[in-house]
Amino acid sequence: MLCVCYVCTVFPRIEAGSTNSSLPRIEAGAVVGDSLIEAGSQIVAGGAAVLLRIDLITGSLVHVLEKNMSKRKCYDVSFKLEAIDCADKTSKQAAARKFGVDAKRLRVWCSQREELVALKKNGKSKKKRLTGAGRKTLDPDMEEALFSWIIELRGRNLRVSRSMIRVKARELSAVVGFKASRGWLFRFMKRNGLSLRRKTTVCQKTPADCIPKIISFITHLRTLRICHQYELHNIFAMDETACWMDMPSDTTVTTTGARSVPVKTTGHEKDHFTVILTAKADGTKMKPFIVFKGKGTRLIKELQRISGVVVQFSANGWMNDHLTGVYLRSVIGTFSFNKRLLVWDAYRCHTSVAVRSECAKLRLHTAVVPGGCTGYIQAADVVWNAPFKSHLRKHYDTWLADPTCHEYTRGGNMKPPSRSLLCQWVRSCWEAIPNEMVKESFSSCAITIHTDGSEDDKIHCFKPGQPCEQGRYVLEEADATATDSDSDPFAADEDDEEVENNEACIESEDEDNGLEEDESSTSEEL
């Protein structure tokens, strides 16, 4: 009876390929170098692994074989398909040498070609295992029931902790002695796409028909551009984004090991104002349109004298039909000999009858980004907003760190930045966004790319590794069956989640945390 054993030590007297005729008798439990010979160990001779075969009856060393010590590698779907493509063009042996893999492994990949192609079309090009590969779970029925239990609780917005999962797993398992260890929990969560998340308030979900909606939007854009031949300086994109009187970050540099890490603010984290950023497809940036909360009776004239911005007030600090009309006339402009195109989202004041009538008067065509898709195909959401808010937070941090800039109430509480100062920050932050970045955002969101499909590889959300990666193939098929109708498929759409995202901050507009018009209200205690 033979046993394969490995010993972790350096034993230079044993050469690879040696047999028991050239090696002394090794008793069971003997020490080779500094290690005990036992199953699962390994001898390293001259940097190579040595495989020992030991006769358990006689205790003699039967054979020594050299074994490769290189670390096992995993390859994703994209890598495998590249290797298969190279093998088709040359040979399997040549492709194996080029990609540094074993020829047998490459032959296995070639036999799995259809599954690999299907995975890539489904947006899983980074996946390293095919479905069903790897070690099987100990109790699949229990894991399936446990996963359903978790989904059922989360469907009711109930909290699920890791300790709850371990307790439930022990209740459901039919395996005697199953402990539901932390290691098992980690692997179970990884297998089922579960993770520990912080609570959020409102989030934008990706609808099941996201890709078809994006495809429909892109084909509508192409039809409009073919029919009306807009010039780049006549194509606009815009988006409203909520900003805050206090913009503290969740992180700060402090001493290592500090048990308490407070971050000072003025207490106005819930007081917001709205900024509308607009740009042309040639990279020209239009004036920011700023909406503050309140009537603005005393401040409106002062703020409107600030150059480079347009300032308005509303009861809740957000856009409405009236302010949208003001925005169109003051930012987009009332006079134009040529037809123009405006790309915006499906917020209710963009798709109302009154606003559509106003757009018709201004010879302004609109293309509505479908609900739930703004994070993938709207230029402002994809490119502008993040750097803009990053610059805005830098201004706030600098202001907060400089005590000479602060004003205080009679009670001694720090006031938030003044509205005039916020307007200057907004103007400065928008100017800091490079024009070339703005111009490229129109291409990455499919607004100005060639209508013949030759530049579809520039669409950001269709690039490899992006959530809508497989949309590229769907778009190619849609181009072949496109119609000449220029009617907007989303003209009457209203994005409920966009409404929630935009207006989640105005539920208590007249409560204690609101700002008075003269900016003299007291702040919360610091």
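Visitor: Which residue of S11 is the bridge partner of Lys293?

Guide: This is a predicted model, in which local features need pLDDT of at least 70 and side-chain atom pairs count only at pLDDT 80 or more, whereas totals for chains, interfaces and linings use all residues. Residues are numbered from 1 along each chain as its sequence is written, and side-chain values use heavy atoms, with hydrogens and water left out. Strand S10 (residues 289–293) pairs with S11 in the parallel sense over five bridges; pairing requires that DSSP finds at least two bridges between two strands, and strands (E, at least two residues) and helices (H or I, at least four residues) are DSSP runs numbered from the N terminus. In S11, the partner of Lys293 is Ser314.

Visitor: Which strands stand at the edges of the sheet?

Guide: The six strands form an open sheet of mixed pairing, in the order S11-S10-S9-S8-S12-S13. An edge strand has a single partner strand, so one side of it is left without a neighbour in the sheet; this holds for S11 (310–314) and S13 (364–369).

Visitor: What is the average twist from one strand to the next?

Guide: Axes are lines fitted to C-alpha atoms, for helices over the stretch in contact, and angles run from 0 to 180 degrees between N-to-C directions. From one strand to the next, the twist averages 25°.

Visitor: How are H6 and H7 oriented to each other?

Guide: The axes of H6 (residues 162–172) and H7 (residues 182–191) lie 11 Å apart at an angle of about 100°. Angles under 35 degrees count as roughly parallel, over 145 as roughly antiparallel, 65 to 115 as roughly perpendicular and the rest as oblique. The two helices are therefore roughly perpendicular.

Visitor: How many charged residues does the contact of H6 with H7 contain?

Guide: Arg162, Ile165, Arg166 and Ala169 of H6 meet Arg182, Trp184, Leu185, Phe188 and Met189 of H7, contact meaning heavy atoms within 4.5 Å. Ala, Val, Leu, Ile, Met, Phe, Trp, Tyr, Cys and Pro count as nonpolar, Asp, Glu, Lys and Arg as charged, and the others, Gly among them, as polar. The contact divides into six nonpolar residues, no polar, and, as charged residues, three.

Visitor: Which cysteine sulfur is nearest to that of Cys210?

Guide: A disulfide is a pair of cysteine sulfur atoms within 2.5 Å, and the count comes to zero. Cys210 is buried (under 20% relative accessible area; exposed is over 50%, partly exposed in between, with a 1.4 Å probe and protein chains only), its value being 3%. Cys373 is also buried, at 0%. The sulfur nearest to that of Cys210, 3.8 Å away, belongs to Cys373.
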